[in-house]
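Please look at the sequence and the structure, and then read the points below by topic.

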Amino acid sequence: MPDPLSTRIGVAIDIPQPWGEHLTRRRAEAGDPQAAYTPAHVTLLGPTEVATEALPSIERHLEKVAAAQPPFTIHLRGTGTFRPITEVVFVTLAVGISECELLAEAIAACDDVHRDARFPYHPHVTVAQDVPPEALDAAFEDLAGFSCKFPVPSFTLFSHGGEGPWRRRRDYPLGA
């Protein structure tokens with residue numbers, strides 16, 4: 001049963017259609033169970049437990065972060081991996097890396113967000129994680145030629161109650 005005093009949040013940039021559906025489907029085909037709960041996205045703040053009473057303050061912080069960042073473009077192209085450190089294959093950002101890094105840093109600077117990151121921030125779109133090596137290899141090869149460009153007008157705050165998919169809480173328009 002979820003703790004009513006804390007809430008699990010995440011902040012991400014959705015991958016628009018038709019590419020988001022394609023990448024989510026490919027993740028499911030790799031056997032990654034997270035595909036059913038987490039549509040394709042670029043993470044800005046990974047899953048983080050926060051005090052439920054802090055949500056209004058966090059939302060005000062996200063408003064300020066979004067207002068300070070103008071809309072930008074992401075170009076996804078090709079694949080990468082974090083192996084052998086972690087069993088992850090991802091689609092890489094060819095354009096939009098710096099903007100994502102700036103947003104992630106500003107979001108994490110919120111006084112009510114305390115997250116110990118195991119690894120440095122690296123914007124990407126996960127397409128296979130914690131699946132057999134053959135499935136990782138197949139995803140890496142199958143998406144090596146993948147490419148798409150799309151505008152990023154906003155980012156989204158999500159919450160998770162411990163079961164089922166992440167729920168969209170609120171979109172934050174950039175440059176508003």
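A residue is called buried when its relative accessible area is under 20%, exposed when it is over 50%, and partly exposed in between (1.4 Å probe, protein chains only). Helices (H or I, at least four residues) and strands (E, at least two) are DSSP runs, numbered from the N terminus. The model is predicted: local features need pLDDT of at least 70, side-chain atom pairs count only at pLDDT 80 or more, and totals for chains, interfaces and linings use all residues. Residues are numbered from 1 along each chain as its sequence is written, and side-chain values use heavy atoms, with hydrogens and water left out.

- Helix α4 spans residues 133-142, and Ala135, Leu136 and Ala139 are buried in it.
- These residues lie on the same side of α4 because they cover an arc of only 105° around the axis, where the arc is that of the directions from the helix axis to the C-beta atoms.
- Glu134 and Glu141, on the other side of α4, are exposed.
- The buried residues of α4 pack against α1 (19-29), β3 (72-81), β4 (88-95) and β5 (124-129); contact here means heavy atoms within 4.5 Å.

**Ala30, a loop residue**

- Ala30 is found in the loop between α1 and β2, and its relative accessibility of 8% makes it buried.
- Leaving aside residues up to four places away in sequence, Ala30 touches Val127, Ala128, Val131 and Ala135.
- Ala30 and Ala138 are 108 residues apart along the chain, and their C-alpha atoms are separated by 7.8 Å.

**Aromatic pairs**

- Rings of Phe, Tyr and Trp (its six-membered ring) pair if their centres lie within 6.5 Å; planes under 30 degrees apart count as stacked, over 60 as edge-to-face and the rest as tilted.
- By this rule there are three aromatic pairs.
- One of them is the stacked pair of Trp19 and Phe150, at 6.4 Å centre to centre with 25° between the planes.
- This pair links distant parts of the chain, as Trp19 in helix α1 and Phe150 in strand β6 (residues 147-152) are 131 residues apart.
- Trp19 is partly exposed at 26% relative accessible area, whereas Phe150 is buried at 2%.
- Phe155 and Tyr172 also form a stacked pair, because their ring centres are 5.5 Å apart and their planes lie at 25°.
- Phe155 belongs to strand β7 (residues 154-160) and Tyr172 to strand β8 (residues 167-173), 17 residues apart.

**The largest pocket**

- On a 1 Å grid over the protein atoms alone, a pocket is an open set of points where a 1.4 Å probe fits, with protein on both sides within 12 Å along at least five of seven lines; lining residues have an atom within 4 Å of a point.
- The lining of the largest pocket has 45 residues, and Thr43, Gly46, Pro47, Arg115 and His124 lie nearest the pocket's centre.
- Strand β2 supplies the largest share of this lining, six residues.

- Gln17 and Pro18 are joined by a cis peptide bond, with omega about 5°, and Pro18 lies in the loop between β1 and α1.
- Another cis peptide bond runs from Arg83 to Pro84, with omega near 10°; Pro84 is in the loop between β3 and β4.
- Asp130 is not a glycine, yet its phi is positive, about 55°.
- Asp130 lies in the loop between β5 and α4 and is exposed, with a relative accessible area of 61%.
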